[in-house]
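This report walks through a two-chain model, one feature at a time. Please keep the sequence and the coordinates open beside it.

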Amino acid sequence: MSAALEIRGLAKRFGATRAVDGLDLEVPAGELFALLGPNGAGKTTTLRLVAGLLAPDAGSIRVAGHDVAADPLAAKRILAFLPDEPQLYAKLRPLEYLAFVAGLWGLEPGEAGGRARELLALLGLEGTQGDYVETYSRGMKQKLALAGALLHDPAVMILDEPLTGLDAASARLVKDLLAARAASGRTVILSTHILEVAERVATRLAILSRGRVVAGGTMAQLRAGSDRTLEDIFLELTRESP
Amino acid sequence: MSARAASLGFLVAFEAKLAWRRLAGERRRIAIAALLIFWLGLHAAAFHGLAGLRTEAFSRMPMAAVGLATLFAAFAMLATAFGLAAHGLFERRDLDLVFGAPVPARTVWAARAIAIASTSAAFPAYFGLPFAHAAAWHGEARLLAAYPALAAVAILSSAVALLATLALVRIAGPRRALVLAQVLGALVGAVVFLAFQAHSFLPEAWRAASGTWMDSPSGKAWVGDASPLWSLSRALVGDPLPLAGLVATAAAAFALAVRIAARAHAKGALEAIAMSRSRGAGGAGQPARFGRSLAGTVIAKEWRLIVRDPRAILHTLLPLLYLAPLLIAGVRRGEGASLMAPSVVVLAGFLAGGLAWLAASGEEAPDLLSGSPVRPARLVTLKAASACLPAMAVALPFIALEALREGGAPIVFAACLAGSIGASAYVQIAGAEPGARRDLGRGSQPGRWISLIEHLGAAGWGLACWGAIAPSAWAFAGLGIGLGAPVAAFLARPRAA
């Protein structure tokens, strides 16, 4: 069985800056995988490359066996990408937004409508269906964007800082939801700068620094028998040389 | 550590800095140099133009002409002030910051009012003052009264706009007030523009009658040089009494606006503005329709977003409103070859271009579209269709009219129309830079080069239509420009990172 995500020798430059620099990564199916790294480590660029939103300068990305460069549409059919800043239409109502997403993914109407309502209820947005998205708070927008990402029940979810703007209860709800998806065999890949979140919910982690993976594995593997915290390990691995 | 409250001067200087950065963009040195050179050129032109005039000529200036020009400038300043008041109140989102500082509310509002006045006066001052300077040089120093008169009109406009916007907040609530203020400002500008052209729309008989009335004693009492209607222009040319009246009115309006704004703030009425983004009405709303085809889904989304956003409607329709006189003149003076068809070709092109800009550059979720399993070319085609279809629908009745007109050329008309609409939509989509819809209220607009290419293309198709119906060899020139526009847009398109 192929890995949910397989990255080989990935590189991306923006002018003189090497955002991703020969990155290798493999994420098995059914994992909740956390990508950690300091600001500018290349997390967002990596996720956008995986989602097919950027073209790599070198290297290959395969999502569930589909080469993102060679067959982007096949990869996108089973992918969902949630950007760090939710991108929504200010003048649409939540169900109209989800109907648009369903149209883009060509979902069966009856099933998509039912699932959209279920997701709105699950995420606590059912009482605001008459409102335009522009009236939503940051957290509500984040939840609606998440509902859009979940609508086509993707095999692989890519989430960039998914807990930003959420209150404690919503953050807990989203963490449980993502963990349940991983437990059911789907793959969730998220970036976060909150180490506690990664430590508690992720089944595997990778730490990025300067566009490369500097450490990866389960928490136990990262600790390597010591009693160090993830924060200790992270700071040691990502410390900038003077 | 001691802290001293910010002074009015400090706040005004800060406002001036922000206004200048909005105006000049990144290339400030180039902007300063260009503005200065052009201003010196304006002075040279004014000195040269006024050199032949003697003192008697200045004193015989027709007050009606000066008055109309002054009124036009005053309403233009009012229109600008509405936009600036809405921006200052709702879009800068710095009310929490400035009112959280130890600065009296009156000082803050006075600074805002002065900033609005200065910015709205900038354009008329830039173009008008060189002529006052030239007149003073030629011995008419009284025309330097343009300085206090212009400042007074700007302050008055600022006060009216601020008071009206605050009234809208009270009546319609903060969320609607933003849009209403912007719509009001745009309409003030457009209505004044059209009002000044109204005379040319009138039937010949009406125009003759109005001319006769203006020559009559009662007409002269209304619009003659002594009419109170032209008090503003008399103030502008240095008549002391009207000037003093204007300055006093402006000062009173300014004081009233600052006082009312500060009181509204003290009562917490403006807190709603800061909170307005997170409020919602709730409820179940209308049922959304799942299961449209991809084309239906994309086109319905684009139309819905435009119809629900008054700023988007304004952005699309205002240029048409400004160009309406062209169409009316075309329909009325259609001796020989009709000018209606070429006018509609140009206007429909502009409409399609405006809608295409909104659909492409105004895309709010580019990552969602790029991440979806739909070919980008398909999405672009559907967005173009969403822009072209309304323009086609608007133009269809005119094709029917052309078919009914004796000697009409509906097929030529339809072909040029399709060319104009298609070319304009393509130009805007090729030059699209996503993410601008949210900035619509902040003056975001299509790139200058792309707009120029789009307008040239539509004008080219209009010329081709006129030339083909006339007939005239100019049709080939028009066709060349019309076909060249999409090619130019393709070459000038922004390259992906």
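## Helices 19 and 21 of chain B

In helix 19 of chain B, B:G419, B:S420, B:A423, B:Y426, B:V427 and B:A430 meet B:G482, B:A485, B:P486, B:A489 and B:F490 of helix 21 of chain B. Contact means that the C-beta atoms of two residues, placed from the backbone, lie within 7 Å. Helices are DSSP runs of H or I with at least four residues, strands are runs of E with at least two, and both are numbered from the N terminus. The residues of this contact split into 8 nonpolar, 3 polar and no charged. Ala, Val, Leu, Ile, Met, Phe, Trp, Tyr, Cys and Pro count as nonpolar, Asp, Glu, Lys and Arg as charged, and the others, Gly among them, as polar.

The axes of helix 19 (residues 410-430) and helix 21 (residues 474-492) of chain B come within 9 Å and cross at roughly 10°. Axes are lines fitted to C-alpha atoms, for helices over the stretch in contact, and angles run from 0 to 180 degrees between N-to-C directions. Helix 19 and helix 21 of chain B are therefore roughly parallel to each other. Angles under 35 degrees count as roughly parallel, over 145 as roughly antiparallel, 65 to 115 as roughly perpendicular and the rest as oblique.

## Basis of the model

This is a predicted model: local features need pLDDT of at least 70, side-chain atom pairs count only at pLDDT 80 or more, and totals for chains, interfaces and linings use all residues. Residues are numbered from 1 along each chain as its sequence is written, while chains are lettered from A and ligands numbered from 1 in the order in which they are written.

## Helices 2 and 6 of chain B

Helix 2 (residues 28-50) and helix 6 (residues 105-137) of chain B have axes that come within 8 Å and cross at roughly 45°. That makes helix 2 of chain B oblique to helix 6 of chain B. Helix 2 of chain B contributes B:W39, B:L42, B:H43, B:A46, B:F47 and B:L50 to the contact. Helix 6 of chain B contributes residues including B:Y126, B:F127, B:P130, B:F131 and B:W137. The contact residues divide into 12 nonpolar, 2 polar and no charged.

B:A132 also lies in helix 6 of chain B. With 24 C-beta neighbours inside 10 Å, B:A132 counts as buried. A residue is buried if 20 or more other C-beta atoms, placed from the backbone, lie within 10 Å of its own, exposed if 12 or fewer, and partly exposed in between. Leaving aside neighbours within four places in sequence, B:A132 is in contact with B:L143, B:L144 and B:A146. B:A132 and B:L236 are 104 residues apart in sequence, yet 9.6 Å apart in space, C-alpha to C-alpha.

## Chain B overall and the cores

Chain B has 21 helices and 0 strands. Of its 497 residues, 39% are buried. Among contacts in chain B between residues at least 6 apart in sequence, 83% join residues at least 24 apart.

The largest nonpolar core has 138 residues. Such a core is a set of buried Ala, Val, Leu, Ile, Met, Phe, Trp, Tyr and Cys residues joined through C-beta atoms within 7 Å. Among the residues with the most contacts inside this core are A:L151, A:I158, A:I189 and B:A352. Helix 16 (residues 340-361) of chain B supplies the largest share, 16 residues. Beyond four places in sequence, B:A352 is in contact with B:A387, B:C388, B:A391, B:I421, B:S424 and B:A425. A second, separate core of 66 residues includes B:W109, B:A154, B:A164 and B:V258.

## The A–B interface

In this interface, 37 residues of chain A are in contact with 32 residues of chain B. On the chain A side, helix 2 (72-77), strand 6 (79-82), helix 3 (94-105) and helix 4 (109-122) give two or more residues each. Helix 3 of chain A gives the most, with 8 residues. The chain A side divides into 20 nonpolar, 11 polar and 6 charged residues.

## Backbone details

A cis peptide bond joins B:A470 and B:P471, with omega about -10°. B:P471 lies in the loop between helix 20 (448-469) and helix 21 of chain B.

Phi of A:A64 is near 45°, a positive value in a residue other than glycine. A:A64 sits in the loop between strand 4 (58-63) and strand 5 (66-67) of chain A. A:A64 is partly exposed, with 19 other C-beta atoms within 10 Å.
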